[in-house]
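The following exercises concern one protein model. Each task is followed by a solution in steps.

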Amino acid sequence: MEEEETRNYTEACGLCSEINWGLTDEGKFYCKSCHNVIERIKEVDDASVFTANSKSQSISRGLKTRKTLDKGYEWYVCEGFQYILLKQAEALQAIVKCPQLKDEVLCNFWRRYLQKSNQAYTKKPYYEMNRQTAIDSSTSGSEWESELENLLHGGLPFSKHEGVNTSDSSLGQLSSGSKTSASGSTKSYHSGSVDGGVYSTAKQEGLLVMSMPMTLAFCYMTLLWLRESITLSNLLRFVEEGHIPYVNCFQHFPDEMKLYGKDIRIFQVECLPSYTAIKKKMFQLAAFLDLPRFPPVTESCFLHPNLLCIKYLMEANLPDELHSWTCRVVKKTGVGEESFLTFDPVAKSSRMVHYDIQAAAVIIVVLKLLFLLNDKCEWSLSNFVGERNKENEDGVCWFDFRKWYKTMKLSVDEAQKKKEEEFAR
């Protein structure tokens, strides 16, 4: 039937130059070789005949298993966060040049979270356990509203499971592991994802719900495990400058993953989280995953206060001679001990060390010891140093606190103004 209707049209396809035409359900001509649809339409005399033919052709071809609709394909919230983590891991790996970051560390952390939260790597994921409360599309009236209310407010029966399969090694391949069978589950009518409507209400005891700030907690926990040179303040700065995707990251989702309803509330962020918020979430995440003691932070590690103090002294344009004093303060206070610096999530007396803040605090203590910093002594000492440097004939100048303060304040004010202008844009 189709061959007879297209037999008289002998023009070649503009894309593949083949003459092999077929008809779509709407009566348009398309190339069977390259599936190019052209504007030519089949001419019919009776509209009813055309309608009947198109219906019969649609039935004979059968139902398509996957159709790209306005709502997109079926997907799960964990897949959305998995995609974001993949992009963040690739950006971090490009910065630190560490091949183990994405595939060996962050990948296994993510797998363990999926299994612990009962979202994947389990025989009975949470959305199958909620199958009895799923919405039946044929339900109408008060019954439909009642079942919808149960689905949205029933919560998720998450549970902890020990162990996790780590046979695969690529974070990019996790979609096959985290995306379990959708048979028997129902797509949420209040979100684009399958489980978005229920996921947003999962805040019961024992469950650590995934969120956008949690993605940065995953990244920082990975950096801490590898003892990389990027501190949490550096990580947040990279995010703010756009080197690591975070704000409106969902805009880079594949076209098949459509966001609406509850999904927007889950994935959309308008500002960066605070330093303390990420630190707290990372502490909760490490405890939820039951991670062992992290690799020790020794004196040769970048996170050790002696090395961080060198970095911050250079960035603050302070004299190198202050480093000997910072080392003395670190040794005297014991904040440089391996047992103090190494993170152990399962220990009862576990603490989160703020490595960057601690190093800056050591420098401030040294300045306090040398200049008192009471808004009087530092300026009187600056007057003395200024007179001494004028009379100095050797060309070796002493450190002038007032000169350093004016220089740094000018730089900080310019940076703050630039930051405010960028934020306004």
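**Exercise 1.** Determine whether the length of helix 12 agrees with its number of residues, and describe its surroundings.

*Solution.* Step 1. Helix 12 covers residues 275-288; helices (H or I, at least four residues) and strands (E, at least two) are DSSP runs, numbered from the N terminus. The expected span of a helix is 1.5 Å times one less than its number of residues. For the 14 residues of helix 12 this gives 20 Å, and the end C-alpha atoms are 20 Å apart, so the two values agree.

The model is predicted: local features need pLDDT of at least 70, side-chain atom pairs count only at pLDDT 80 or more, and totals for chains, interfaces and linings use all residues. Residues are numbered from 1 along each chain as its sequence is written, and side-chain values use heavy atoms, with hydrogens and water left out.

Step 1. Buried means under 20% relative accessible area, exposed over 50%, and partly exposed in between (1.4 Å probe, protein chains only). In helix 12 the buried residues are Y275, I278, K279, M282, L285, A286 and F288. An α-helix has 3.6 residues a turn, so residues three or four places apart point the same way.

Step 2. Contact means heavy atoms within 4.5 Å. The buried residues of helix 12 pack against helix 4 (100-116), helix 9 (212-226), helix 10 (232-240) and helix 16 (355-371). After helix 12 comes D290, with a positive phi near 55°.

**Exercise 2.** Classify the aromatic pairs W75 and F253, and Y113 and F288.

*Solution.* Step 1. A pair of aromatic rings is described by the distance of the centres and the angle of the planes. Rings of Phe, Tyr and Trp (its six-membered ring) pair if their centres lie within 6.5 Å; planes under 30 degrees apart count as stacked, over 60 as edge-to-face and the rest as tilted. By this rule there are 20 aromatic pairs.

Step 1. W75 and F253 are 6.3 Å apart centre to centre with 80° between the planes, an edge-to-face pair. W75 lies in the loop between helix 2 (47-61) and helix 3 (77-96), and F253 in the loop between helix 10 and helix 11 (262-267), so the pair ties together parts that are 178 residues apart in sequence. W75 is buried, at a relative accessible area of 2%, and F253 is buried at 7%.

Step 2. The ring centres of Y113 and F288 are 6.0 Å apart and the planes stand at 55°, so this pair is tilted. Y113 belongs to helix 4 and F288 to helix 12, 175 residues apart. Both Y113 and F288 are buried.

Step 3. One aromatic cluster is formed by F371, W379, F399, F401, W404 and Y405.

**Exercise 3.** Which residues have the most contacts inside the largest nonpolar core?

*Solution.* Step 1. A nonpolar core is a set of buried Ala, Val, Leu, Ile, Met, Phe, Trp, Tyr and Cys residues joined through side-chain atoms within 4.5 Å. The largest such core has 87 residues, and those with the most contacts inside it are Y113, F218, M221 and F267.

Step 1. Neighbours within four places in sequence aside, M221 is in contact with F109, M282, L285, A286, L289, L291 and F294.

Step 2. A second, separate core has seven residues, including Y9, C13, W21 and C31.

**Exercise 4.** Are K97 and N248 buried, partly exposed or exposed?

*Solution.* Step 1. K97 is found in the loop between helix 3 and helix 4. Its phi is near 60°, a positive value in a residue other than glycine. K97 counts as exposed, at 65% relative accessibility.

Step 1. N248 lies in the loop between helix 10 and helix 11. Although N248 is not a glycine, its phi is positive, about 55°. At 25% relative accessibility, N248 counts as partly exposed.
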